[in-house]
Amino acid sequence: MKKNYTQASRRRDRLAELLIRICGLFVIVAVVWILVMITRVALPLFYSPKATSIASISLPVELKQSRLLSIGIDETQQELFSLDGKGLVHFIDTRGGTLKESVPVPDPPPGARTVVSAELVSKSLYNLLWDTGVVSSVKIAFSSTRSESGNTIVSHEVSADPEGFFPGSGAFKRSFVRTIEGKGAVRVDQLESDRIRVTWRSKETDLFGNEKATTSSSEIQDPLPAAITAVVLDHAGHYLYAGTRNGQLMRWDISEPGEIRLLDSTAVTGNSPVTALNLVLGDISVAVGDGKGGYTAWFPVTAAGSGEGKQLVRTHVLRPHTGTVSAILPSPRDKSLVSVNDQGVIHIDHVTSERNLLTLKGAKPVAMLALSAQGNSLCSLDTAGNFAVWRLEIPHPEVSLGTLFGKVWYEGYDRPEYVWQSSAANDDFEPKMSLVPLIFGTLKATAFAMLFAVPLALLGALYTSQFMAPRLKSRIKPAVEIMAAIPSVVVGFLAGLWLAPLIDKVVLAFFLSFIIIPVMLLVTIFFWRLIKTASPLERRLRGKEFIVLIPIVLVGTWLAYLLGGIVEVQVFGGDFKQWLYSVLGIRYDQRNSMIIAVALGFAVIPLIFTIAEDALSNVPRNLTAASLALGASRWQTAWRVVLPSALPGVFSAVMIGFGRAVGETMIVLMATGNTPIMSGSIFNGLRSLSANIAVEIPEASLNGSLYRVLFLSAVLLFIFTFIINTVAEALRQRFRRKYGRY
Amino acid sequence: MTVPTHNPASPILTVKDLDLFYGAKQALKKINISMQRNQVTAFIGPSGCGKSTLLRCFNRMNDLIDNVRVEGSISFEDQEIYAASTDVITLRRRIGMVFQQSNPFPKSIYENIVYGLRIAGVNDKSLLDETVERSLRSAAIWDEVKDRLHDSALGLSGGQAQRICIARAIAVNPEIILMDEPCSALDPISTLKIEELIDELKRKYTIIIVTHNMQQAARVSDVTGFFYLGELIEAGPTRKIFTNPEKTQTEDYITGRFG
Ligand SMILES: Nc1ncnc2c1ncn2[C@@H]1O[C@H](COP(=O)(O)OP(=O)(O)OP(=O)(O)O)[C@@H](O)[C@H]1O
Ligand SMILES: [Mg+2]
């Protein structure tokens with residue numbers, strides 16, 4: 001009978017143990033699974049870019065004798081074209097290397113027989129300079145459709161663009177034409193013996209609706225330090241750049257018709273000739289390649305000390321080439337560049353991140369390079385007449401550990417900075433994805449919240465556990481616990497829409513109350529000591545002391561309010577925020593770190609309070625008795641015996657509060673302006689990692705860089721809380737071994 | 001202020017007509033007893049008869065309990081313990097206490113001993129060091145712990161911990177040490193050590209001890225008081241109480257016929 005009984009209970013024990021193990025294991029597996037899932041989304045950020053060689057074909061025999069001016073490739077690497085000096089566009093099949101079709105450029109200018117040069121203006125638009133001196137535009141576009149059998153079928157179209165037509169006469173080395181919609185056009189011609197002529201054609205419509213075109217022209221008069229080796233014009237036709245044989249980069253403003261203004265003449269290569277020059281997408285940065293392989297990017301920056309004038313400054317240094325950089329080609333999609341040296345080594349680099357994305361080696365020097373309209377295909381034609389075609393897979397060129405965690409010199413900034421600005425309206429925007437301001441924001445919010453919450457929660461817990469009458473305690477504790485159950489949306493909502501405007505009105509009173517109330521409390525406590533232990537008054541108030549403090553706190557608040565007004569008028573001339581801005585240069589945001597401290601503090605106080613109170617209450621009575629019997633006051637006992645004994649528990653309470661504050665999303669989202677700035681000021685807002693995820697994930701395109709960076713910040717948050725909790729637990733165990741048991 | 005002159009013959013503690021109520025319930029009834037300097041007084045009696053309650057009156061530890069009402073008088077030398085003018089903190093420093101369950105603080109041995117001094121504002125390192133050694137020697141534990149003064153006191157055995165608690169009480173130099181069943185949680189050898197210690201300590205201190213162990217009371221005490229249902233039935237020299245008690249209740253209790 002007895003044996004049966006023990007057997008049964010043993011079996012039950014084993015079953016319970018098994019169940020607990022399974023549940024525990026399940027929790028661990030679930031947590032690890034979450035980590036794995038979010039890491040899997042973030043990880044492709046760091047995969048190396050890929051280039052797959054698709055074809056390597058030689059020029060069709062029909063074209064062997066042609067003078068080729070430009071090449072192009074379609075998005076799917078099935079067809080490429082080459083434009084020859086006779087104005088014929090030859091479409092070639094990349095799989096067989098056969099000539100599919102030769103299409104003449106439509107509407108050639110009258111009398112023109114040959115094309116002198118061709119310039120890729122944007123995506124598929126080319127400007128052709130004819131032997132007569134006329135420039136015309138042609139669009140050579142590919143489009144692909146998916147057939148019923150699932151293959152993609154590529155078709156092409158060659159069409160004239162009358163907008164780009166710009167008459168001219170004479171012999172030019174190269175010409176650029178930029179049309180400005182509705183206003184006219186500008187044309188830059190590079191003539192023999194380093195002369196550069198700019199021609200403006202402006203269209204005006206008079207009162208009667210008659211169009212009147214005026215043309216003016218002028219030549220660059222500025223003395224050139226050496227022969228011009230490279231010229232480039234931006235898309236708006238505002239800035240003209242030229243590189244020289246002795247390594248100077250010159251920049252002119254030609255935006256005003258009839259006016260050519262030299263803005264810069266900067267040594268950019270250290271005497272080596274500028275051999276390649278091009279503008280990065282967005283036309284702000286200019287990439288310079290030189291005769292020694294040096295490869296840098298520059299943009300105008302407000303020079304320190306000098307007034308408004310902007311000077312070209314070297315902002316990025318890209319991986320150098322081993323020999324003369326012969327050409328630079330900007331990506332049509334992002335701030336990447338394709339460049340090639342005189343030995344046929346092709347580099348693909350990202351300017352902002354300074355990442356060398358790919359290096360491709362051909363056998364022969366490269367004569368021409370082309371990217372498809374979306375930047376997915378790369379095609380080169382070497383001097384021996386062989387085409388090489390690659391498929392590029394560079395999903396996240398702008399992301400690197402450097403851009404995520406380091407200072408980056410973004411276009412338009414005066415110095416390298418930590419910036420988070422993930423998106424903007426325009427396509428050529430430079431995404432700025434530094435996690436540093438967000439990590440900073442998270443830590444700032446947490447720090448201020450803990451500063452506010454920890455003293456309140458711990459002192460409250462100490463009082464409740466050691467002094468409060470048991471009957472009162474049995475009501476107060478559940479009340480505080482209910483506080484923890486308030487949805488954080490509600491707290492955030494109140495903080496953002498009620499507290500922020502309120503504190504906005506009484507900032508000074510808010511600050512003063514942090515001084516006045518504690519001081520008044522201390523004074524009260526001082527007088528309190530005059531009340532003798534066990535006197536009738538003491539017995540009556542025992543355990544309810546805080547009731548006396550309530551009116552004191554109220555009076556303190558009122559005093560702070562009064563004083564705040566007086567101080568504002570007397571010391572700060574009636575407007576504290578104005579004073580702050582004009583004297584200290586500190587901007588006051590309505591939703592600032594004070595609001596966060598209070599709102600987030602409000603959320604973590606119940607958590608810290610409850611756990612700490614439990615730990616403090618668990619300190620055995622006989623320890624307090626021992627202390628009291630040695631002549632310690634109750635306060636001394638609480639401070640010197642109870643608190644140290646409960647330190648492990650109190651510590652984990654604080655850490656759990658910390659973990660909660662770090663991960664809290666809604667409150668931070670609603671109570672701050674979500675400005676990702678790095679300012680330690682208590683008057684400024686912030687943006688935390690978690691709030692950032694909530695704000696941006698709806699805008700992030702699936703599997704895009706932003707999307708993955710957000711997941712990366714989630715991983716970071718995960719690791720962050722994991723480390724905090726692990727360290728907290730380890731420390732707790734240590735404390736426990738060393739001191740308390742509770 | 002007059003400096004109290006200690007007449008060796010006059011009692012150090014005198015309890016007169018002491019009644020104590022926990023709410024409506026009377027726990028002590030008309031207690032009259034006095035304790036002599038440098039003597040060990042033992043309180044014996046069945047469980048719940050009020051021994052601990054009386055002991056707690058001497059250092060006013062009862063203050064912490066709600067609804068306690070005390071009537072009558074206890075004088076400590078010529079000072080009335082329950083007078084409104086009595087400073088509880090000084091009183092407790094002069095009348096130390098050792099509890100049934102050893103209760104070292106979760107601090108180092110050193111910090112345990114100097115706790116009483118630290119809360120009184122003493123921070124002089126040499127004075128503290130000196131006190132630690134003196135107290136630990138007095139409590140006969142110096143040799144056992146002198147090499148690990150800065151280790152946690154929680155790592156000590158029950159008997160060692162109890163002697164640390166005695167040393168902690170001695171450190172503030174009290175005049176009276178109250179001991180509430182100090183050996184009830186200890187093994188016989190530790191008990192013996194503590195009993196020897198009490199014998200040592202009475203040369204300097206006055207000791208009042210509550211015990212359930214008759215032999216212990218007989219061995220260590222000079223005077224014994226027998227309590228029953230809140231009343232002090234009989235008090236007198238230990239030898240007399242144990243050999244020739246006046247009251248039959250006392251005799252019954254001592255011979256183990258009840259309780
Ligand atoms: N805090 C208290 N509140 C109410 N009644 C109490 C309290 N402490 C003790 N009593 C009661 O007072 C009486 C005396 O208790 P006391 O602890 O003094 O007994 P004791 O003689 O020390 O017993 P033991 O030998 O078991 O320790 C008991 O009936 C007890 O129930
Ligand atoms: Mg007792």
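**A tour from the ligand shell to the nonpolar cores**

Begin at ligand 1 of this predicted model, whose shell comprises 4 nonpolar, 6 polar and 1 charged residues (Ala, Val, Leu, Ile, Met, Phe, Trp, Tyr, Cys and Pro count as nonpolar, Asp, Glu, Lys and Arg as charged, the others, Gly among them, as polar). Residues are numbered from 1 along each chain as its sequence is written, and chains are lettered from A and ligands numbered from 1 in the order written.

Select the shell, a residue belonging if its C-beta atom, placed from the backbone, lies within 6 Å of the ligand. Among its members are B:Tyr22, B:Ala27, B:Lys51 and B:Ile65. Helix 1 of chain B, residues 51–58, supplies the largest share, 3 residues (a helix is a DSSP run of H or I, at least four residues).

Next, select residues 1–6 of chain B, where pLDDT stays under 50. Where pLDDT is low, predicted coordinates should not be read in detail. Chain B as a whole has a mean pLDDT of 89.

Turn now to chain A. The largest nonpolar core has 133 residues, and A:Ala449, A:Ala599, A:Leu600, A:Ile608 and A:Ala612 touch the most other members. Such a core joins buried Ala, Val, Leu, Ile, Met, Phe, Trp, Tyr and Cys residues through C-beta atoms within 7 Å, buried meaning 20 or more other C-beta atoms within 10 Å of the residue's own, all placed from the backbone. Helix 10 of chain A, residues 593–617, gives 18 residues, the largest share.

Technical notes
Predicted model: local features only at pLDDT ≥ 70, side-chain atom pairs only at ≥ 80, totals over all residues. Helix = DSSP H or I, 4+ residues; strand = E, 2+ residues; numbered from the N terminus. Buried ≥ 20, exposed ≤ 12 C-beta atoms within 10 Å, placed from the backbone. pLDDT = per-residue confidence, 0-100. Contact = placed C-beta atoms within 7 Å.
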